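Student: Hi! I have a structure open and I'd like to go through it with you. Could you help me read it?

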Amino acid sequence: MPHVLLIEDDTSVRDGMELVLRRHGHEVDAVGTGEAGLELLSRPRAGGIEIAVVDLMLPGIDGFEVCRRIRGRGQLPIIMLTSRGDDLDVVSGLEAGADDYVVKPITGRVLEARIRAALRRAGPVARTDTDDFAGLVIDRAGLSVTKHGTPVPLPPTELRLLLELSAAPGRVFSREQLLTSVWEHDFLGDSRLVDAAVGRLRAKLEDLPAKPRYIQTVRGFGYRFGPV
Amino acid sequence: MRTRTRSRGKPAAAAAAGSAARFRPRLPRLDGLRGRLVITVVVVALISAVTATGLAYQESRDAVLKRAQSAAVEDFRNRVDRLAAELDVPTDPRTMARFASDVSSGLRGSLVVAQYRDYTASSDPSADRTRITPELRAAVRTQSRISLQRVQHGGKPWLVLGAPVGLDSAGPRGSAGRLSGVEVFAVVSLAEEARDTADLVRSVQSGLVPVLLLSAVLALLAARTVLRPVRRLARATRRLATGELTIRVEEKGRDELAELAHTFNETAGALEHSVGELRAQEALARRFVADVSHELRTPLAAMTMVSSVLEEDADQLTPDAAHAARTVSAETARLARLVDDLIEISRFDARAVALTVHEVDLAEAVRGTLAARGWTDRVEADLPPGIRARLDRRRLDVIVANLVGNALRHGAPPVTVTVRAADGQLTLAVADHGPGLAPEAAPHVFDRFYKADSARTRSEGSGLGMAIALENARLHGGTIELAPPAPDVGAVFVLRLPHRTESAS
């Protein structure tokens, strides 16, 4: 069963979540600080960890910074756990690279469902072909993206979003459609998840993120891949 | 060159138009302070001018007439006295006629009438003799002195003199001595004097208009000096009323207006102070609610986690323990929801909310809300396709969920949701078929923690749902209203939002 890294400073919450996750069959590493969590990830045997659940408000380095540092080194799915839920926090968390966020308090069932959804997104996508869009090469079998020969490392959600969009170049996807197909959320998920992920993808793929070529905005509807 | 002039002319014209719009030329209103002041001053000026010139006119007219009169009397007397000596009584008509014309020729051609018993001679036989009134004749008959009377005849003033002619010129002055029985009358024109006084009136009249104009101008100037501080005060009051509590006015001089300005400043200062205090207290209270809510979140997060474990295992517990576990779980969920709503409300109170607007298909959005909460089978939805609007979908979901949830909880089925777009407005009506709201409950339905059904003080909701829905509607520039009671339907809540689309925005 999936191995979860839980970074949460409040003991009771940490214990409660650990209890719930273990009951759902997860292996859990629960730590109280971002430093401890990052240290755990950098250990050689940390390859077992498949997903991180990170609280935003932490002593020492905060959840945003933890998220950025995890993103800096790999593609581990991250669920951000926030007790604030203010728009600004949510947006900042998503822009820092979180795949999802949940607002406390949250029931065990919902947390479990979110973890499963995030892991599913990180899993392989069953399409086998390679597309070349003016230098941007998407290998659907090897799940890799290169631009003019240079690999572009993408975290699972962004990769999945790119695969979804590029599967039908020219087709317009609404935010709701993308939420359902990429995030597997019902519509109560926030369309800002989509906007934030698109923003991060553009930053990595586009030559001029302000004038995107690959992922274009269709005002009033959503997003479209190309035409390049 | 042309472009330069144009580019220079345009802003100036625009500025002029702007200032014209701001300082609309206002005509002095008659019921305004300025109008009243001007009218009062002009009326006072009019009364004093008319009174003064009236009195002066009277005096000068009297003086002119008296002088003319005494001159005429003097002439008449001298003439008559001189000619009386040549008169013999009894006399004959020829002598009398000559006497009359002699007297007349000495009196600037006035009409002279001489009368002896039944015979009358006139210097101008064709002239009208009715100017000599019976009263004057009577007066001449009874008095030995010269009698005189002013008469109006043919629109002109005349002085009529009459005297009995004495035989004895050596008699005492003013008396005719021994009477001859001849009575002589002279009708002297006063037209010249009348013209003089008329000239006087005319010059007074023509002087009156400039005086009144001048007084009006002076009144306007006076009004300005009085009204300028008043207007400044009025402006300051208006700005104070709009919440600009730091506004103060200049306290100049030591008059009543300065005192008023001082009082105004004191009032504004006191107001600013107490409003500041109130705001600080309010901010503290809000912060407290927000802080408490946030602090509650962490223990609630732990409790929610753990109680879900308890609930899952409830089947394996003894009935009492299972009941306890389920109760704890349910109450924790309620508490969590209440805290969520409190945080949401405190965000609205702190104005820390923003819209995340996207173009949304309304039918799809409402269907999504119903589906996400498992209400699709319990609610009849009338959702025309193709209505798109720029909305915050999450907040729309909160509104619809609260309205429908409220109808399901407190009303009776069937619950219907109807969406319409017309005249730039979106309306979403949620109706149930329950008994509707009691009239005394209707005004409070959007109040926080208001429970329409007092018997059910612990209902599922937090008591904040409708208040949050209304805040969300307002954030979109819309409203939620309770429709007036109608037969065959229960409570009907109508959400109205401005219909903004991509192209319109």
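**Chain B and its partner**

Tutor: Happy to! Among contacts in chain B between residues at least 6 apart in sequence, 62% join residues at least 24 apart. Keep in mind that this is a predicted model.

Student: OK. How many helices and strands does chain B have?

Tutor: Chain B has 10 helices and 12 strands. Of its 505 residues, 36% count as buried. The chain exposes about 29,400 Å², and carbon and sulfur atoms supply 57% of that area.

Student: Changing topic: is Phe493(B) buried or exposed?

Tutor: Phe493(B) counts as buried because its relative accessibility is 4%, and the cut-off for buried is under 20%. This residue lies in strand E12 (residues 492-498) of chain B.

Student: What does Phe493(B) touch?

Tutor: Leaving out residues up to four places away in sequence, Phe493(B) touches a list of residues that includes Leu403(B), Asn406(B), Val445(B), Met466(B) and Ile480(B). Take Asn406(B): it is 87 residues from Phe493(B) along the chain, and their C-alpha atoms are separated by 9.9 Å.

Student: Nice. What about Ala325(B), where is that?

Tutor: Ala325(B) is in helix H7 of chain B. With a relative accessible area of 4%, Ala325(B) is buried. Apart from neighbours within four places in sequence, Ala325(B) is in contact with Leu310(B) and Leu317(B).

Student: Back to salt bridges. How many does the structure hold over all chains?

Tutor: The structure holds 33 salt bridges over all chains. One of them joins the side chains of Glu112(A) and Arg116(A), at 2.7 Å from N to O. Both residues lie in helix H5 (residues 108-122) of chain A, four residues apart, which is about one turn of the helix.

Student: Are Glu112(A) and Arg116(A) buried or partly exposed?

Tutor: Glu112(A) is buried, with a relative accessible area of 6%, whereas Arg116(A) counts as partly exposed at 37%.

Student: What links Arg287(B) and Asp291(B)?

Tutor: Their side chains meet in a salt bridge, at 3.8 Å from N to O. Arg287(B) and Asp291(B) are separated by about one helical turn because they are four residues apart in helix H6 of chain B. Arg287(B) is exposed, with a relative accessible area of 54%, while Asp291(B) counts as partly exposed at 39%.

Student: Last one: which residues are linked in a network of salt bridges?

Tutor: Glu344(B), Arg347(B), Asp392(B) and Arg395(B) are linked in such a network.

How values were computed
Residues are numbered from 1 along each chain as its sequence is written. Chains are lettered from A and ligands numbered from 1 in the order in which they are written. This is a predicted model: local features need pLDDT of at least 70, side-chain atom pairs count only at pLDDT 80 or more; totals for chains, interfaces and linings use all residues. Side-chain values use heavy atoms; hydrogens and water are left out. Helices (H or I, at least four residues) and strands (E, at least two) are DSSP runs, numbered from the N terminus. Buried means under 20% relative accessible area, exposed over 50%, partly exposed in between (1.4 Å probe, protein chains only). Contact means heavy atoms within 4.5 Å. Accessible areas come from the Shrake-Rupley method with a 1.4 Å probe; for residues, only the protein chains shown count as cover. A salt bridge is a side-chain nitrogen of Lys or Arg within 4 Å of a carboxyl oxygen of Asp or Glu.
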